[in-house]
Amino acid sequence: MKIAMLTSGGDCPGLNAVIRGAVLKGDKTYEDEFVGFLDGWRGAIDDEILPIPRRKVRGLSRLGGTILGSSRANPFHDGGDGVALVRETMERHDIEAIIAIGGDGTLYTANRLFQGGIPVVGVPKTVDNDLDATDYTFGFNTAVEIATESLDRLRITGESHHRCMVAEVMGRSVGWIALHSGMAAGAHVICIPEFPLTIDEICDYVRMTWDRRRAPLVVVAEGFVPKDAPEGFMNYDLDEFGRPRFGGIAQALAPVIEKRLGIETRATVLGHIQRGGEPTGYDRVLATRFGMAVVDLVHRGGMGHMVALRGTEIVDVPLTEAIDNSKRVTRDRWEEARTLFG
Ligand code: F6P
């Protein structure tokens with residue numbers, strides 16, 4: 001079978017491991033031939049294709065980024081007939097199925113194409129871990145590891161200078177990276193969008209920590225907004241999804257803490273280093289398993305579905321499950337973490 005793969009949306013450690021897992025499984029079990037669409041859906045629209053023979057995936061699982069490139073292009077943009085565009089490219093190259101590797105936006109597009117008759121399956125990807133259809137996505141573990149290491153470093157310099165350190169982590173509109181890295185690093189306050197603290201509450205935790213002669217470490221998810229954010233507090237650029245484009249919430253919060261408590265405070269935005277590097281062992285294994293399982297899914301005729309992790313098993317679920325439900329931090333997880341604050 002001739003199968004095309006694409007990686008779309010923000011890159012994520014483990015994308016290359018998915019590609020390698022799929023190619024090895026397809027080559028060894030089904031004698032499949034693989035190609036990649038370059039830069040996500042853009043390659044499918046512009047007919048830019050890269051052959052992926054088995055030798056091309058050697059040593060790929062440890063490599064960050066994606067050998068196929070990524071973009072946020074969408075075949076339906078500007079009223080385009082996405083189905084016709086993709087079908088044409090598939091027919092030109094005798095492609096029989098597409099494996100779309102991406103987050104909710106990519107999977108939404110994949111599902112639209114499937115509704116229009118395109119044989120497509122999905123692999124969920126996001127460092128934010130915000131897809132409810134799967135227990136974990138690859139990339140999340142790597143982002144948490146990087147963030148944790150960075151928080152450990154910030155804590156050390158904070159202790160040396162008797163400062164409060166405020167660190168902003170990724171996560172889009174959910175707080176999973178903040179919750180996990182903050183817990184791992186022993187942060188004194190974690191601010192997440194699901195359960196917004198007030199500025200007073202944040203300052204109380206910082207003060208409590210300071211009074212114990214510790215340098216307060218505050219972790220803020222990029223999508224967090226304090227419950228009582230004063231007028232003009234969020235004077236930073238937001239993108240179409242409401243996320244700070246250049247970082248913002250840490251820089252907004254740090255001066256408020258410094259002013260209210262008289263504690264010297266610094267802000268750091270961890271940004272894209274959280275997703276730019278090599279995947280952890282956990283993410284390599286999960287991504288490889290996803291890649292292998294999605295090839296089986298194609299051969300089972302499971303179009304319109306995607307692979308997912310439930311417990312330790314790889315299962316498949318309709319693409320619609322990934323689109324409809326975002327996974328937010330639960331109250332239990334929040335209360336558990338909050339017990340440790342201060
Ligand atoms: O969804 C993944 C993610 O890394 C978010 O955590 C972050 O808000 C966003 O992508 C950044 O997107 P871009 O790479 O377009 O700046």
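I started with Asp39, which sits in the loop between β2 (33-37) and α2 (41-46). This is a predicted model, so I kept to local features with pLDDT of at least 70. Most residues other than glycine have a negative phi. Is Asp39 buried or exposed? I found 21 other C-beta atoms within 10 Å, and 20 or more is the mark for buried, so Asp39 is buried.

Next I turned to His162, in the loop between α5 and β6. Its phi is also positive, near 55°, and His162 is not a glycine either. Here I got 12 C-beta neighbours inside 10 Å, and 12 or fewer means exposed, so His162 is exposed.

Then I looked at the domains. The assignment gives domain 1 as 2-126 + 279-323 and domain 2 as 140-276. Their centres, taken over C-alpha atoms, are 34 Å apart. Nine residues from domain 1 and five residues from domain 2 make the contact. On the domain 1 side I noted four nonpolar, three polar and two charged residues.

Which residues are around the ligand? I listed Gly10, Gly103, Thr126, Val127, Asp128, Met170, Gly171, Arg172, Glu222, Arg243 and Arg275. By class, this shell has two nonpolar, four polar and five charged residues. Domain 1 and domain 2 each supply at least three residues to the shell.

The unreviewed UniProt entry lists Asp128 under "active site". I located Asp128 in the loop between β5 (120-124) and α5 (140-161). With 28 C-beta neighbours inside 10 Å, Asp128 counts as buried. Leaving aside neighbours within four places in sequence, I see Asp128 in contact with Met170, Gly171, Arg172, Val174, Trp176 and Ile177.

Last, I checked helix α8 (residues 249-261). The buried residues of α8 are Ile249, Ala250, Ala252, Leu253, Ala254 and Ile257. As a reminder to myself, an α-helix has 3.6 residues a turn, so residues three or four places apart point the same way. Among the elements covering the buried residues of α8 I noted β6 (164-169), α7 (199-211), β8 (217-221) and β9 (265-269). Just after α8, Gly262 takes a positive phi of about 65°.

Note on methods: Residues numbered from 1 in each chain as written. Predicted model: local features only at pLDDT ≥ 70, side-chain atom pairs only at ≥ 80, totals over all residues. Domains from an automatic or database assignment. Contact = placed C-beta atoms within 7 Å. Nonpolar A, V, L, I, M, F, W, Y, C, P; charged D, E, K, R; others polar. Near = placed C-beta within 6 Å. Helix = DSSP H or I, 4+ residues; strand = E, 2+ residues; numbered from the N terminus. Expected span 1.5 Å × (residues − 1). UniProt positions renumbered as here; feature names shortened; annotations may be inferred.
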